[in-house]
Amino acid sequence: MKMSCLNGTTISLSCLKLAFPSYSSSFQNLPFRRTIKPLSAALQTSPATSPSTTKAEDQGARSHWKAAIDFKWIKDNKEAVAANIRNRNSDADLELVLQLYDHFFNLQKEVERVRGERNAVANKMKGKMEQSQRQRLIEEGKNLKEGLIALEEDLLKLNDKLQLEAQRIPNMTHPNVPIGGEDSSMTRKLVGSAPEFSFPVKDHLELGKELCLFDFDTAAEVSGSKFYYLKNDAVLLEMALVNWTLSEVMKRGFTPLTTPELVRSSVVEKCGFQPRGNNTEVYSIEDSDQCLIGTAEIPVGGLHMDSILAETLLPLKYVAFSHCFRTEAGAAGSATRGLYRVHQFSKVEMFIFCRPEESEHYHEELIKIEEDMFSSLGLHFKTLDMASEDLGAPAYRKFDVEAWMPGLERFGEISSASNCTDYQSRRLGIRYRPSEAPVASPKKSKGNLAPPLFVHTLNATACAVPRMIICLLENYQQEDGSILIPEPLRPFMGGRSVISRRL
């Protein structure tokens, strides 16, 4: 059965089992006929849904989890939040959120008032009284109980709606972030220069064909468009890139991980990857609450979900290897051909949990790690401070790295690094307990411990394998059609220095 992301056709996991035998055991416990489709399709309401259904409701009910959103802060900073929504070109409805919050706040007070009256009636009935008076109290208590049940049900429904709408509000934005679309992004750094060739330059597709490195045609028959087989030295190059990247990042104090590649849809949502209609990037498993990951950021983000960490453990630094799956809905054109934009790829991801006051420092550390590694490979690249409209909902600030790709005759994105502040941790429930409570803090936890605070989370791509392969093939091509292997990778390629034609 073929898969096409753009028209919504689904594929059976049994097909995945055949196409990827090394992962077949991961799917043995799943029903044979389960299918993969974009998450938005799995969350859509029935065709009978009223046309008046809100955008948030169109994404499906998610009342099973709540984000620790600071509604009072949002209300007190209404103008700043509204400007942020405009600057990010977000469709969040702040006015609706504030209306729902006021309604919720008033209804909550009414619930407390009725509950207090009911308790007062119950206390009165403990004393001695005439039977007629007791009967009146019984009736009054019964009416109060029924009214309280109805109010509490309304409060729960209102809270669910408030959460659905509020979760669409994006993170706040760093004051230095350029305002506008992608074209407004600012260059932070330019490294190296484009290589000069004395012969006609080939793109990675032509080089890969001549060196027998890829097979897109067979993959299209087996799996669908935008899939591929790596062959021969391309396989060794992928392994070399992954192992070299892991070793370099681990030297900087990161703990290595491999992650689950199926996660619950709620974890995807808590990390800020909201399903967006037919353009969702997420594959979901039909008749389940599981999704294929688009990045290891999601399972690593969930690693400490619903926990309170000791401050002495921070920062927690992880480097994770995983396969990633993306629908790439709407992606087309010559600029996305070959390995540049595919549905499945290998990636090494960095992730940090830290104290709030340290997140900007670690954001700079992450981008420096990326720049150091790309410089050591001899790439010509630029680092961008991405504009407000190009930030995902979780990102407070995002740096992208774009490397020169001679065959494509342009810079192409190879990496990014995002500071998500407490956006994800408020949804994932990840906090830490300070070693000492602030001197003037009026809040005390059990045992006079300092109250827990939300951690900040950061993520950065250390190596997106397909795009790194593009860079290496196109920048290091030789006139005879061979490819020089950058020196840092040679120990991970068995000491070889060249990829050449097979005889």
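User: What does Ser-500 count as by relative accessibility?
Analyst: Partly exposed, because its relative accessibility is 36%. Buried means under 20% relative accessible area, exposed over 50%, and partly exposed is in between, with a 1.4 Å probe and protein chains only. This is a predicted model, where local features need pLDDT of at least 70, side-chain atom pairs count only at pLDDT 80 or more, and totals for chains, interfaces and linings use all residues. Residues are numbered from 1 along each chain as its sequence is written, and side-chain values use heavy atoms, leaving out hydrogens and water.

User: Where is Ser-500 found?
Analyst: In the segment after strand E20 (498-499). Helices (H or I, at least four residues) and strands (E, at least two) are DSSP runs numbered from the N terminus.

User: Which residues is Ser-500 in contact with?
Analyst: Leu-211, Asp-233 and Ser-482, leaving aside neighbours within four places in sequence. Contact means heavy atoms within 4.5 Å. Gly-481 is 19 residues from Ser-500 in sequence, and their C-alpha atoms are 7.1 Å apart.

User: How far apart are the end C-alpha atoms of H10?
Analyst: 25 Å. The 18 residues should span 26 Å at 1.5 Å a residue, so the two values agree. The expected span is 1.5 Å times one less than the number of residues.

User: Switching to sheets. What is the order of the open sheet of eight strands?
Analyst: E3-E13-E14-E15-E18-E12-E11-E6, with mixed pairing. Two strands pair if DSSP finds at least two bridges between them. Strands E3 (186-191) and E6 (255-258) are at the edges. Each has a single partner strand, so one side of each lacks a neighbour in the sheet. Neighbouring strands are turned by 25 degrees against each other on average, direction ignored. H10 packs on this sheet and touches E6, E11, E12 and E18. The direction of H10 makes about 5 degrees with that of E12. Axes are lines fitted to C-alpha atoms, for helices over the stretch in contact, and angles run from 0 to 180 degrees between N-to-C directions.

User: How many residues of E12 are buried?
Analyst: Eleven of eleven, across residues 344-354. Both faces are covered. One side includes Gln-344, Val-348 and Cys-354. The other includes Phe-345, Lys-347 and Glu-349.

User: Which strands does E12 pair with?
Analyst: E11 (residues 316-325) is joined to E12 by ten bridges, running antiparallel. Lys-317 stands opposite Ile-352 there. E18 (residues 456-464) pairs with E12 over eight bridges, also antiparallel. In that pairing Cys-354 stands opposite His-456. E18 also pairs with E15 (residues 410-419), antiparallel over three bridges. Ser-418 has Asn-459 in E18 as its bridge partner.

User: Now Asp-400. Buried or exposed?
Analyst: Buried, because its relative accessible area is 2%. Asp-400 lies in strand E14 (residues 397-405).

User: What does the side chain of Asp-400 make a polar contact with?
Analyst: The side chain of Lys-398, at 3.1 Å. A polar contact is a pair of N or O atoms within 3.5 Å; within protein, one must be able to donate a hydrogen and the other to accept it, and residues adjacent in sequence count only if both atoms are side-chain atoms.

User: Last topic, helix packing. At what angle do the axes of H5 and H6 cross?
Analyst: Roughly 145 degrees, and the axes come within 10 Å. H5 is residues 78-87 and H6 is residues 94-124. Lys-78, Val-81, Ala-82 and Ile-85 in H5 meet Leu-94, Glu-95 and Leu-98 in H6. By class that is five nonpolar, no polar and two charged residues. Ala, Val, Leu, Ile, Met, Phe, Trp, Tyr, Cys and Pro count as nonpolar, Asp, Glu, Lys and Arg as charged, and the others, Gly among them, as polar.

User: What covers the buried residues of H6?
Analyst: The cover includes helix H4 (71-76), H5 and helix H7 (131-166). Among the buried residues of H6 are Leu-94, Leu-98, Tyr-101 and Phe-104.
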